[in-house]
Amino acid sequence: MTNINKFIKRFFLFMVIILIFIYSIQFYNIYKYPQQISIFKGNERKINVIFPITANISQTEFDDLALENIEVSNYSRIMKSFNFRALEKGSSKIQFKLFGLIPIRNIEVNVYNRQLLIPGGQSIGVKLNTKGVLVVALSEIEDLNGEKHNPSLDAGLQVGDIIVKANDIEVKNSQHLIDIINHSNGDIKLKVKRKNKNFVTSIKPIKNIQDKYLRIGVWVRDKTAGIGTLTFVDPQSNKFGALGHGITDIDTRQLLPVGKGEIIKAKVSSIEQGKKGEPGEIRGIFFDSDSMIGKIHSNTEFGIYGITMDDFLSKEKAMPVAMQNEIKEGEAFILTTIDGYRIEKYKVEIIKKEHQNNPEPKGMIIKITDNRLIKSTGGIVQGMSGSPIIQDGKLVGAITHVFVNDPTRGYGLYIEWMLEKAGLQPLDEEEFAEVN
């Protein structure tokens, strides 16, 4: 009898642990949901809930949505799910509650008409001047007496910090910082940005024994340049998105803050083929004298964004975009440039897609299936990032990264996250027809 009691207790404890685990995942999933969900008119979304959590939905709150299979009060079922289908453009709310009483999470559902963007595929030159200067290394300074000092370390600076101001003067570039230092008297007040926080510190310049100039013991970088691919342009606002990933410093791997940046039309001059363990590269040419085609306003983990000059892309090429729930595994194609200025279409396959409630860079796994592209580049190479992915006549995302051990495969970013980062609501089909 004692053994039976022990077994029952252990079984009960085991079930409690399982239930705690299940509900921990459920609470985590609910809190991971974004505060807003975007859905196109006519599309459907599914949400699962597990008792004692319910989705409390008032029909009057959803005048613009058709809600199907909602069973929020039927506690006899452990698992409940509902689908909602958007009928008209507008906004509604879903409220998650504990035991149907205690609110724990609100989600706003925004319904849009089908949006249109002009797909890119052009190779672009990217020039970026940082806002402030990026610290890439710290160093010792030998003073006039032969003694060594490390003022940057003493001031609490670290590699990856961004020096925004010196003595309350906004730092424009590295030479500007040098001028401020050498025209200072005594300690210098620095405003520094580290990740998403700012702090102020004081640093004492040291006169260097070698050139007699004042130094603070930092190596800094204030600009970068490279080649990438344009993803889209909004035909109404001329806002653009490109690259699909952020521009980072080669030494610190930090995202570079944008002070001044521009994109320039580039010509592909040569290709270094990708091989297993050795990512390839598109080599392009652009010059400072070339016409700027856009200004960069932001550099994010999900690409660069800004506004293009004039209407350099034909609005006739605008196509609808697709949300992630509309994308399916299977055939698709990309637009990219691997020779001169010529944009071409290449077959790919979406071999896996991830469900994402919040922006993440790796939404799809893409495999290059076009033998022409494999023969020319070996697959996905550096500089191809940002190439638009198109499926069933809709713009679904952009190429972001290549698999180092298999250059025919890489990651794709969902277009909906790029739209969010661009901060735009493009022309929908009805509005587009009205202005064209």
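Let me start with Glu262, which forms a salt bridge with Lys127, the closest N and O atoms being 3.5 Å apart; by salt bridge I mean a side-chain nitrogen of Lys or Arg within 4 Å of a carboxyl oxygen of Asp or Glu. Because Glu262 sits in strand β20 (residues 258-265) and Lys127 in strand β9 (residues 123-138), this pair ties together parts that are 135 residues apart in sequence. Helices (H or I, at least four residues) and strands (E, at least two) are DSSP runs, numbered from the N terminus.

This is a predicted model, in which local features need pLDDT of at least 70 and side-chain atom pairs count only at pLDDT 80 or more, while totals for chains, interfaces and linings use all residues. Residues are numbered from 1 along each chain as its sequence is written, and side-chain values use heavy atoms, with hydrogens and water left out.

Returning to that pair, Glu262 is buried, at a relative accessible area of 17%, whereas Lys127 is partly exposed, at 22%; buried means under 20% relative accessible area, exposed over 50%, and partly exposed in between, with a 1.4 Å probe and protein chains only.

Now, which residues are linked in a network of salt bridges? They are Asp339, Arg342, Glu344, Asp370 and Arg372. Within this group, Arg372 meets Glu344 in a salt bridge at 3.2 Å, N to O, and that pair links distant parts of the chain, with Arg372 in helix α4 (residues 371-377) and Glu344 in strand β27 (residues 342-353), 28 residues apart. Arg372 also forms a salt bridge with Asp370, where the closest N and O atoms are 3.0 Å apart. Arg372 is partly exposed at 42% relative accessibility, while Asp370 is buried, at 7%. The structure holds 13 salt bridges.
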